Amino acid sequence: MHQKQLLILTFVIIICSSITLQESSECTQANAKSCGECIQIGENCAWCTDPDFLKQGEPTSTRCDDLHILRKKGCKEKMVENPRGGQKVEQNIPVTNRRKDTAERLRPEEITQIQPQKLTLTLRMGEPQSFNLTFKRAEDYPIDLYYLMDLSYSMHDDLQNVKKLGTALMQEMQAITSDFRIGFGSFVEKTVMPFISTTPAGLRNPCTGQYDCASPFSYKNVLSLTSNGKEFNHLVSQQQISGNLDSPEGGFDAIMQVAVCGEQIGWRNVTRLLVFSTDAGFHFAGDGKLGGIVLPNDGKCHLENNTYSMSHYYDYPSIAHLVQKLSDNNIQTIFAVTQDFQDIYQELKKLIPKSAVGTLSSNSSNVIQLIIDAYNSLSSEVILENSKLPKGVNIAYTAYCKNGVVQDGEDGRKCVNISIGDAVSFNINITAHECPKDNNSQTVKIKPLGFNEEVEVVLKFICQCECQHEGIPNSPLCHNGNGTFECGACRCNKGRTGHMCECSTEEVNTEDLDGNCRRDNGSEICSNNGDCICGTCECKKRENPEERYSGKYCECDNFNCDRYDNKLCGGHGRCECRVCICDANYTGSACDCPLDTTPCLAANQQICNGRGVCECGTCRCTDPMYQGPTCETCRTCPGICSQHKDCVQCRAFGSGEKEKTCEEDCRYLDLIIVENLSELPESTHPTCKERADNDCWFYYTYSVNGTQEIVHVVKDQDCPKGPDIIPIVVGVVAGIVLIGLALLLIWKLLMIIHDRREFAKFEKEKLNAKWDTGENPIYKSAVTTVINPKYEGK
């Protein structure tokens with residue numbers, strides 16, 4: 001078990017070490033040539049601006065490393081360039097708290113449902129910045145509702161119910177908001193073949209039979225948003241059904257115009273609802289080719305006299321294009337469709353955020369309740385979306401919803417079941433991984449879908465160090481002005497290289513310069529551990545940033561010294577140019593020899609028990625009889641107890657083998673008598689228990705105090721007691737009697753059982769006996785009767 005735990009611990013240490021190496025080597029492996037390049041590698045990378053930081057043979061990129069490694073290498077705190085990101089809230093108006101029944105009446109732009117409204121984030125590459133966003137549904141929030149209806153012939157019975165929709169819906173919406181406006185629009189189809197009949201008669205009346213229908217059209221804005229429900233009823237009552245040839249309708253054209261024609265429709269910056277009512281499917285991008293229309297929809301407003309004028313020129317919009325325009329204009333869509341087309345519009349709902357689908361009765365009689373239910377469903381859900389992120393910027397959301405529900409990932413963008421007055425919060429985490437090319441600030445907008453309010457996040461990027469602003473162009477420190485001296489190093493002009501820009505890039509591989517990088521004619525360039533740049537060796541980097549080459553010819557390193565216990569320099573020194581420089585109290589080629597004699601102290605506080613010498617923290621025993629780490633083990637020596645037994649016995653009890661020579665042989669012991677066993681003091685040696693000549697036991701302990709040998713002895717011996725004869729005899733007799741009685745009882749019981757079995761057998765045989773009551777087979781009668789066969793009894 002211990003070995004298994006050791007293996008697990010070793011594995012964890014290896015994993016942790018490899019993780020540390022990966023984190024720190026990221027900075028060094030990037031070969032940053034300037035402070036700006038360094039800080040863009042990752043949030044852990046820092047730059048040392050100390051001009052004297054580099055050792056001979058180290059490249060400029062060595063200045064870039066993990067912060068704690070730079071400190072370990074001797075870079076002072078004030079010389080470390082390590083800028084950090086931050087954030088500043090620019091606008092933070094609290095969310096609005098008011099009730100519908102109060103006299104206070106606010107304009108829509110005075111109501112706040114999201115906080116904060118604007119902030120600036122300063123981003124360091126790889127360092128996340130997070131902030132909290134609060135959303136609260138305001139009570140009595142204004143609503144604009146636009147009713148977009150399919151006026152193809154199949155909807156003729158629905159129109160009658162919609163004509164009464166205005167005032168009835170006004171009354172129902174009073175329970176939700178005191179500021180409600182309603183508008184109306186209608187659509188049929190593109191006015192080209194094969195979608196409608198383009199014959200003169202078909203254009204005058206597309207309906208067959210006795211019905212008088214209006215001419216076909218693509219989309220009409222019948223009534224812009226108004227708070228006058230009666231006007232809605234009046235204008236809608238004047239509408240006529242039209243017709244088309246195919247089953248799908250041109251509803252997407254109409255939705256696009258309602259979304260982008262904000263001025264004509266009259267949208268305010270409030271909750272915007274679009275009710276799309278139809279009993280058919282829809283055409284989308286590409287279907288226009290059937291009518292010879294190939295230009296993609298441009299997503300712009302083309303209303304002339306409140307009628308879509310470019311339906312014959314632009315194709316239907318795609319679903320993605322429609323989603324974008326609805327989202328950009330904060331419009332929430334309610335699809336009120338018949339049961340037959342529920343499946344189609346349910347699939348469409350999955351593609352359009354903040355949309356709902358309701359089942360429309362065959363004559364639209366339930367449209368008001370459908371709108372109320374769909375609005376409640378939409379308004380009880382908040383989904384955050386953001387504008388396009390700059391390249392290399394990531395965003396992550398965590399939602400803190402009602403009842404302690406916490407969601408992250410894609411679900412971190414939304415909360416559901418939000419009632420009016422409920423506040424929910426989101427933690428938004430933004431991380432940049434690369435700087436923009438122009439280093440200019442970028443703006444990201446975050447808003448809840450279907451709402452006009454948004455958070456403006458200005459992103460500023462840390463792409464340069466502060467010390468770069470203090471750089472000296474064409475500095476004389478950089479070989480007669482061939483570079484800019486900044487952040488403690490030269491940033492060379494184009495065409496120059498070297499630590500001090502002392503060399504032209506055209507000269508870096510000449511043989512003359514290479515000769516300066518050899519220790520002698522027979523050696524490798526830079527000892528094969530580096531590159532010759534301008535006649536100067538720049539040593540290679542190792543994967544492990546703790547390991548490095550150094551020296552004029554990269555001939556030194558700090559990782560090829562002697563090892564002890566699998567540790568470089570035994571873990572008690574540092575490696576310099578392949579030689580261990582040991583810490584204090586250590587010596588040896590691998591710093592494996594401690595000068596401290598504490599490990600050699602025996603239990604009697606003598607070095608190696610007085611029977612050896614301490615070398616490198618380990619005892620070398622000079623007495624061949626003694627062994628062990630402190631020369632205290634003697635396998636051939638008698639034990640402490642048996643060694644002093646005779647002297648203790650004669651000194652304490654006046655008996656034993658040394659009874660006559662006790663004064664001479666045992667005077668070295670200091671004897672102390674104690675009353676009982678519990679009073680024996682603790683000792684480094686175990687308590688001794690020895691047998692005396694009278695077969696009694698005596699107890700004592702042996703200890704050493706300097707040169708004095710002390711024995712503590714228990715006053716009374718522990719003698720065994722003789723056996724008690726009477727109980728033994730009584731027990732034996734009683735046992736014999738009891739065993740005899742038990743045997744007699746067993747014999748008697750067996751006899752009774754045997755007799756009962758025999759009697760039962762006899763009774764069973766008697767019952768089974770059969771007595772013959774016929775003639776005795778031995779008896780023969782004396783009379784013989786003979787019958788004449790011829791006699792007939794006459």
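Is Lys190 buried, partly exposed or exposed? Lys190 is buried, at 1% relative accessibility; buried means under 20% relative accessible area, exposed over 50%, and partly exposed in between (1.4 Å probe, protein chains only). This is a predicted model: local features need pLDDT of at least 70, side-chain atom pairs count only at pLDDT 80 or more, and totals for chains, interfaces and linings use all residues. Residues are numbered from 1 along each chain as its sequence is written, and side-chain values use heavy atoms, without hydrogens and water.

**Lys190**
- Lys190 sits in the loop between strand S9 (180-187) and helix H6 (200-204); helices (H or I, at least four residues) and strands (E, at least two) are DSSP runs, numbered from the N terminus.
- The Lys190 side chain reaches the backbone oxygen of Tyr314 at 2.6 Å.
- Beyond residues up to four places away in sequence, Lys190 touches several residues, including Phe195, Asp253, Tyr314 and Asp315; contact means heavy atoms within 4.5 Å.

**Asp50**
- Asp50 lies in the loop between strand S1 (45-48) and strand S2 (64-66).
- Asp50 is buried, with a relative accessible area of 18%.
- Leaving aside neighbours within four places in sequence, Asp50 contacts Arg63 and Met79.
- Asp50 and Met79 are 29 residues apart in sequence, yet 5.7 Å apart in space, C-alpha to C-alpha.
- A polar atom of the Asp50 side chain lies 3.1 Å from the backbone nitrogen of Asp52.

**Val733**
- Val733 belongs to helix H16 (residues 725-768).
- Val733 is partly exposed, at 48% relative accessibility.

Notes: Polar contact = N/O pair within 3.5 Å; in protein donor to acceptor, adjacent residues only side chain to side chain.
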